[in-house]
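Please open the model in your viewer, with the sequence panel beside it, and keep a selection tool at hand. The stops below are meant to be followed in order.

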Amino acid sequence: MTELWPGRSFPLGATFDGYGTNFAVFSEVADRVELCLLHPRGREERIPLPEVTGDVLHGYAPDVGPGTRYGFRVHAPYDPEHGLRGNRNKLLIDPYATAVVGDLHWDEAVFGYRFGSPDGKMNTRNSARFVPKSVVTAPYFEWGNDRHPRTPWHETVIYEAHVKGLTMQHPEVPENERGTYSGVAHPAVIQHLVDLGITALELLPVHRYVSEHHLVERGLTDYWGYNSIAYLAPHDGYASLSGERVVPEFKRMVRTLHEAGIEVILDVVYNHTAEGNHLGPTLSMKGFDNRAYYRVVEDQPRYYMDYTGTGNSMNMRHPHVLQLIMDSLRYWVTEMHVDGFRFDLASTLARELHDVDRLSTFFEVIQQDPVISQVKLIAEPWDVGEGGYQVGNFPPLWSEWNGQYRDTVRDYWRGADQTLPEFASRFTGSSDLYQSDRRRPTASINFITAHDGFTLADLVAYERKHNDANMEDSKDGTDDNRSWNCGVEGPTDDPQVSALRARQQRNQLVTLMLSQGVPMLLGGDELGRSQGGNNNAYCQDNEISWFDWENVDHELLRFSQQLIRLRRDHPVFRRKRFFEGRATRGERFVDIAWLTPDGELMSDEHWNSSFAKSLQIFLNGDGLASKDDRGQMVTDDSFLLMFNAHNEALTFRVPDEGPGGPWVVVLDTTEATLRSDAGREELVPGQEREVAGHAVVVLRLEPS
């Protein structure tokens, strides 16, 4: 029989000190909490935590160390009508577990209620055989000289990818490492990221998650991972090593990426958990203290407030929920050395009572935290609740996924009417959304495609979703794709359609990389990755979602590498501040000028023309109005960008007014690569140049 000493109430979770392990859990409603040590051959040892401090129950187990499987049983009232869901028959995952192993088996035993009476009788079946187990881990790891790269926001290029999808089919990654953290750290994968030129790898959720019941019943899985159950534990399904060794494997991945100068940003899901609504399982927090951890309907507490569309919402008004999230964030920064976070459905975190409150407690806590306030913070600025769309409304410390940028760029290149003024705002960093509260262009995370929706290759090949593999009668996934298939739905052998699709991909990549703000590239877009028109591949853990490294579009990859290098080499495309001239209606050349294809400054008539699809943008390299780290003024070459989203070729004229030239063609999206010296083409003021339909031409002013 293991003896428990009183131990300490802080920190929460299981903390190994080299001799034994301290266990501490929070519950306002528990009469008693049993620590359950899980020994080989299924033997479970139950020991009551001997001490209570405030609402924290705790105990110290000498000689219990890393690798020990454990869980908790909470003796607390079971009264669903009043929002109380204690059930000592359920083995619970430690909310602070730093490793969780084993699958969730969807047996009736994992539910707190008897089938047929979700708000009635308690289910007394033991769930231990069917639920994942918490694992004690050791904090020790040799980080060596690891440092956070701390890439400035304006120099950041984000690459969004899935741990498994990125590496599962890579031929150079050993089979036992494919789909794992070790696979991401493989030299071949690291070299691809370095050659591409990205500075930050944003990983889809790596918190321990479980697959939803309805997916498992259909033979599918929760591939994206937006169904978290343990906020301090890396998902063990992405580990090539078992048990507590998942933690050092994750750390080795981070260390290796840092050595290559690449930051690690985690997509985190603190808005809800895998325990679902009143019909969901009892796996962790629901059993510890349901009303503390979750938002319940005030006059009907058996039900949950659902701002996420997943069944429940975390109760951000409760101090222990805030503490859990902040402890989790600090753990990933201080112990796991990650560099930032992208918060899924971040508007949910801002809800104090009902409305989204920009100055909610959560953001105030983030603002004053000396650790979290110093890393990259990205909000997905919407949820499914009323008033949840909050693009542009997050505090100055935050950057945001700019959904308006995505929609505008898609509309422009598919030829939708009345997009030029909107296009101008998005291209220049969305000052209309972010400038009023002194935010910078880097508040805008610009993206055209992301994990949720079409890939870039599918965006130019499909006008409707093809989600049959999800087995939801195509009711899942958005119908608002803003895509254009270039005349044929799906794969084609027509060379003209194929050429147009290739050009449209290059057009959108050029727009993304030359816009002000922070570009985010969906992983695989540079390879020509397709999902066969599936715009909601959340449940496809197979070739639909995995990168196809054997069939890479090498021309598109080379173009992407060259384009990102162009952005890196020229600060005029990554300004620290918004343009200060008359950004959309200038009377002279300042830091930016908007011109008609004829080379004239655009008038109100030009801006208000619903059919106008073409324009020129002059970017003045002498008008950056910012200083480098040594206090020196930053200057750059000047550029002239010719955009033509019309179906037919148009003749553009290099403006007579302004710099004298010559102008050198840097790229033409009718071509598969950027121009080299061997393909040098010069233009002088007043000279005309044809720009193909659906194409971009970029010119650089030759220095005197």
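The tour goes from a sheet to a helix, then to salt bridges, a surface patch and some backbone details.

Before selecting anything, note that this is a predicted model, in which local features need pLDDT of at least 70 and side-chain atom pairs count only at pLDDT 80 or more, while totals for chains, interfaces and linings use all residues. Residues are numbered from 1 along each chain as its sequence is written, and side-chain values use heavy atoms, with hydrogens and water left out.

**The open sheet**

Begin with the open sheet of six strands, whose order is S24-S25-S26-S31-S28-S29 and whose pairing is antiparallel. Helices (H or I, at least four residues) and strands (E, at least two) are DSSP runs, numbered from the N terminus, and two strands pair if DSSP finds at least two bridges between them. At the edges select strand S24 (592-595) and strand S29 (682-683), each of which pairs on one side only.

Next select strand S28, residues 663-668, which pairs with S29 in the antiparallel sense over two bridges. Here Trp 663 stands opposite Leu 683, and Val 664 stands opposite Glu 682. With strand S31 (residues 695-701), S28 pairs in the antiparallel sense over five bridges, and the partner of Trp 663 in S31 is Leu 701. Six of the six residues of S28 are buried, so this strand is largely enclosed by the rest of the structure. Buried means under 20% relative accessible area, exposed means over 50%, and partly exposed is in between (1.4 Å probe, protein chains only).

Pro 662 lies in the loop between strand S27 (650-653) and S28.

**A covered helix**

Move to helix H6, residues 285-293, which is mostly covered, eight of its nine residues being buried. Among the buried residues of H6 are Met 285, Phe 288 and Tyr 293, together with the charged Lys 286 and Asp 289.

**Salt bridges**

The model has 34 salt bridges, a salt bridge being a side-chain nitrogen of Lys or Arg within 4 Å of a carboxyl oxygen of Asp or Glu. Asp 236 lies in the loop between strand S15 (228-234) and helix H5 (246-259) and Arg 208 in strand S14 (residues 207-209), so the pair ties together parts that are 28 residues apart in sequence. Arg 208 is buried, at a relative accessible area of 3%.

Now select Lys 465 and Asp 479, whose closest N and O atoms are 3.0 Å apart in another salt bridge. Both residues are in the loop between H12 and H13, 14 residues apart. Is Lys 465 buried or exposed? Lys 465 is buried, with a relative accessible area of 10%, whereas Asp 479 is exposed, with 64%.

Continue to Arg 482 and Asp 407, a salt bridge in which the closest N and O atoms are 4.0 Å apart. Arg 482 is in the loop between helix H12 (456-459) and helix H13 (495-514) and Asp 407 is in helix H9 (residues 403-414), so that the pair links distant parts of the chain, 75 residues apart. Arg 482 is partly exposed at 25% relative accessible area, while Asp 407 is buried at 18%.Salt bridges that share partners join Arg 406, Asp 407, Asp 411, Arg 414, Asp 480 and Arg 482 into one network.

Asp 473 counts as exposed, at 68% relative accessibility.

Then go to the segment before strand S1 (13-16), where Pro 11 is found. The peptide bond from Phe 10 to Pro 11 is cis, with omega near 0°.

**A negative surface patch**

Finish by selecting Asp 598, Glu 600, Glu 657 and Glu 688, which form a negative surface patch. Such patches are made of residues with over 30% relative accessible area and no salt bridge, like charges being joined within 9 Å and nonpolar side chains (Val, Leu, Ile, Met, Phe, Trp, Tyr) within 5 Å. Glu 688 is found in strand S30 (residues 688-691) and is exposed, with a relative accessible area of 51%.

Terms used:
Accessible areas come from the Shrake-Rupley method with a 1.4 Å probe; for residues, only the protein chains shown count as cover. The place of a charge is taken as NZ of Lys, CZ of Arg, CG of Asp or CD of Glu.
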